[in-house]
Amino acid sequence: MKKGKKDDTEDARLWRHVTKSVRPLKEKPAPAKPPVVTSKPKAATEKPRLPPAPPPKFQPAAKPPAFDKGEEQKLRKGAREVEARIDLHGMGQAEAYDALTRFIARSRGRDIRNLLVITGKGRVGGGVLRRLLPLWLEEAGLRANILAFTPARREDGGEGAFYIRLRKK
């Protein structure tokens, strides 16, 4: 059906009719702010509760010791085999630390050098274990066993995992 001037004027008339009944929305007043309640602790030993803080972003304490360029490339390309792996994700901090130290000691005792430690990516801001692993590896007790560490390639866990190269016995 071909539109002519009659159809255009009819549309315009209909549009004017519809827009006559349209009214702007009323602006709603801003919601009142809740009153600030300052309560004193009930007992001297009770501490006031603080609002939850956002999790810190992932930042290792120190730059990880660098892998030998050839070794890192071999690991990343899959040419160098990961000889042992441990999955810490889902564990609490203390449990994960203990498991990690036992895993490194056991691997070193077996003369295993290339490890994969899976921490998990965590939620917003990075996981707790993912943030803590580089710090743990820099501690004197573990540092003596570690030659280098670096985040894993995507196929091995990406941001939620690390390659660790142990020193020779």
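**View 1. The largest nonpolar core of this predicted model.** This core has 22 residues, and L100 and L137 make the most contacts inside it. A nonpolar core here is a set of buried Ala, Val, Leu, Ile, Met, Phe, Trp, Tyr and Cys residues joined through side-chain atoms within 4.5 Å; buried means under 20% relative accessible area, with a 1.4 Å probe and protein chains only. At least two residues each come from β1 (84–87), α3 (93–109), β2 (114–118), α4 (128–138), β3 (146–151) and β4 (161–166). Those labels are DSSP runs numbered from the N terminus: helices are H or I over at least four residues, strands are E over at least two.

As for the ground rules, residues are numbered from 1 along each chain as its sequence is written. Because this is a predicted model, local features need pLDDT of at least 70 and side-chain atom pairs count only at pLDDT 80 or more, while totals for chains, interfaces and linings use all residues; side-chain values use heavy atoms, with hydrogens and water left out.

**View 2. Strand β2 and its partners β1 and β4.** Strands count as paired if DSSP finds at least two bridges between them. β1 and β2 run parallel, joined by four bridges, and D87 has I118 as its bridge partner in β2. On to β4: that strand pairs with β2 in the antiparallel sense over five bridges, and here I118 is partnered with A161. Four of the five β2 residues are buried.

**View 3. S107, a buried serine in α3.** S107 counts as buried because its relative accessibility is 3%. Beyond its neighbours within four places in sequence, S107 is in contact with A84, I112, L115 and L166.

**View 4. Where to be careful: residues 55–64.** Over this stretch pLDDT, the predictor's confidence in each residue from 0 to 100, stays under 50, and the model has 18 contacts there beyond four places in sequence. For the protein chain, the mean pLDDT is 75, and 64% of residues reach 70 or more.

Key. Buried < 20%, exposed > 50% of the residue type's maximum accessible area, 1.4 Å probe, protein only. Contact = heavy atoms within 4.5 Å.
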